[in-house]
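Hello,

Here is the structure I promised to pass on to you. Please open it beside this email, and then read on for what turned up in it.

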Amino acid sequence: RRESISPRVPVKENPGVWLGTVIATLAKIGRDKLTLLTSPTLSNFGSWAEQLIAESLGKEGKGVVPIVGEPLLAPQHYGEDRLFIDLRFDGDRSDKSDSQVDDLRAAGNPFIQLNLSDRYDIGGEFYLWEYATAIAGALMEVNPFDQPNVELSKGKTVEILKTYTGPSKMVPLEASFSIRDLLNQAYPGDYLAILIYVEQTSEIDEALTALRQRVMIQSHIATTVGYGPRFLHSTGQLHKGGPPTGLFLQITSEFQEDLNIPDAEYTFGALANAQSCGDIQTLEYLGRRTAKIHISGDVAKGIGKLLVQ
């Protein structure tokens, strides 16, 4: 794969140049929601690609929004802002998924299909996407190798921690507005970013997938999920430096167990709360549309009640 993408390969024959050009060109005409579909065996590739694309291209008011792990629905639930990339491992997709993909193709959505015949092909796929992202950055006139907006949240977090120090002091979390109020502000081409500061479990993953489906059906916009604070250095750059098309729903809950940080005057829970507060304050400072929900008790059940008719 590396030899086929080498700068020595003519542009018209270089798959890295071709993929990056398609991504950048479609983003410029509004199809900036790069929706990655993966075979089950390749599902974890999506998390890596999400970070690569969001952090590299989301700056200076521009960007490509990677959509990973979103439920696959009928064509009428999608806007005209999608580029679908179907990454397949041979023999690893159900007939139902194939039928849904065919329906999305027939509806006129741009589709790229990439096939892997062997598990070892994934190494070449990493190189392909890195090369394509660099090409897309050049065409979009952004530097894919920096993250200028990540420091904004860090600064806010430090300010908050200076106020809440001591072994028993916890940064308070509050709710503001509702998810319906937030979605009422959505326009075609927007996306909802769910920013959740809880421990990841399979039950919460399932509840979030169901919530994303309800949002797609009711509002016809793309959806993403980021577990905090880890997303701050990946999609967090896109949220703050990318196009102002995001609606940001922050979900928090209490910590079941908390630990002191060695040589620090605050706990891990206080740090995580400060990071969530610093992030939402930064988004609000930048004029982003936000809402905060605090769930006490069973988080999966609490998410399951959102947007239920």
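**What was found**

His-220 is partly exposed, with a relative accessible area of 37%. This residue sits in the loop between α8 (202-219) and β6, and His-220 has a positive phi of about 60° although it is not a glycine. Before you read anything into such details, please keep in mind that this is a predicted model.

You will find Leu-307 in the segment after α11 (299-304). Is Leu-307 buried or exposed? With a relative accessibility of 4%, Leu-307 counts as buried, because buried means under 20%.

One more backbone feature is worth a look. Gly-228 and Pro-229 are joined by a cis peptide bond, with omega at about 5°. Pro-229 belongs to the loop between β6 (222-227) and α9 (235-241).

**The overall picture**

Stepping back, the protein has 11 helices and 8 strands. Its radius of gyration is 20 Å, close to the 19 Å that the globule rule gives for 309 residues, so the protein is as compact as a globular protein of that length. Along the principal axes, the C-alpha trace spans about 60 × 45 × 35 Å. Of the 309 residues, 53% count as buried.

**Helices around α5**

Helix α5 (residues 121-140) packs with helix α3 (residues 45-57) at an angle of about 20°, and their axes are 10 Å apart. That angle makes α3 roughly parallel to α5, because angles under 35 degrees count as roughly parallel. The crossing of these two helices, α3 and α5, is right-handed. On the α3 side, the residues in the contact include Phe-45, Trp-48, Leu-52 and Ile-53, and among those they meet in α5 are Ile-122, Phe-126, Trp-129 and Met-140. By class, the contact of α3 with α5 has 11 nonpolar, 3 polar and 2 charged residues.

Helix α5 also packs with helix α2 (residues 15-28), this time at an angle of about 45° and with the axes 7 Å apart. The helices α2 and α5 are therefore oblique to each other. Their crossing, that of α2 and α5, is right-handed. In α2 the contact residues include Val-17, Leu-19, Gly-20, Ile-23 and Ala-24, and in α5 they include Leu-128, Trp-129, Ala-132, Ile-135 and Leu-139. The residues of this contact of α2 with α5 divide into 13 nonpolar, 3 polar and 1 charged. If you are colouring residues, Trp-129 is one to pick out: Trp-129 is listed in the contact of α5 with α3, and Trp-129 is listed in the contact with α2.

**Helices α6 and α10**

What angle do the axes of α6 and α10 make where they cross? Helix α6 (residues 150-163) and helix α10 (residues 268-285) cross at roughly 125°, and their axes come within 8 Å. That makes α6 oblique to α10. The crossing of α6 past α10 is right-handed. Among the α6 residues in the contact are Leu-152, Ser-153, Lys-156 and Ile-160, while Ala-274, Gly-278, Asp-279 and Thr-282 are among those in α10. The contact of α6 with α10 has 7 nonpolar, 6 polar and 2 charged residues.

Ser-153 is buried, with a relative accessible area of 5%. Which residues does Ser-153 contact, leaving aside its neighbours within four places in sequence? They are Lys-240, Gly-278, Asp-279 and Thr-282. The C-alpha atoms of Ser-153 and Gly-236 are separated by 8.9 Å, although the two residues are 83 apart along the chain.

**A contrast to finish**

Val-11 lies in the loop between α1 (2-5) and α2. Val-11 is exposed, with a relative accessible area of 57%. From Val-11 to Thr-252, 241 residues apart along the chain, the C-alpha atoms are separated by 47 Å.

Best wishes

How values were computed
Residues numbered from 1 in each chain as written. Predicted model: local features only at pLDDT ≥ 70, side-chain atom pairs only at ≥ 80, totals over all residues. Heavy atoms only, no water. Axes fitted to C-alpha atoms, helices over the stretch in contact; angles between N-to-C directions. Helix = DSSP H or I, 4+ residues; strand = E, 2+ residues; numbered from the N terminus. Parallel < 35°, antiparallel > 145°, perpendicular 65-115°, else oblique. Left-handed = near helix turned anticlockwise from the far one by under 90°. Contact = heavy atoms within 4.5 Å. Nonpolar A, V, L, I, M, F, W, Y, C, P; charged D, E, K, R; others polar. Rg over C-alpha atoms; globule rule 2.2 N^0.38 Å. Buried < 20%, exposed > 50% of the residue type's maximum accessible area, 1.4 Å probe, protein only.
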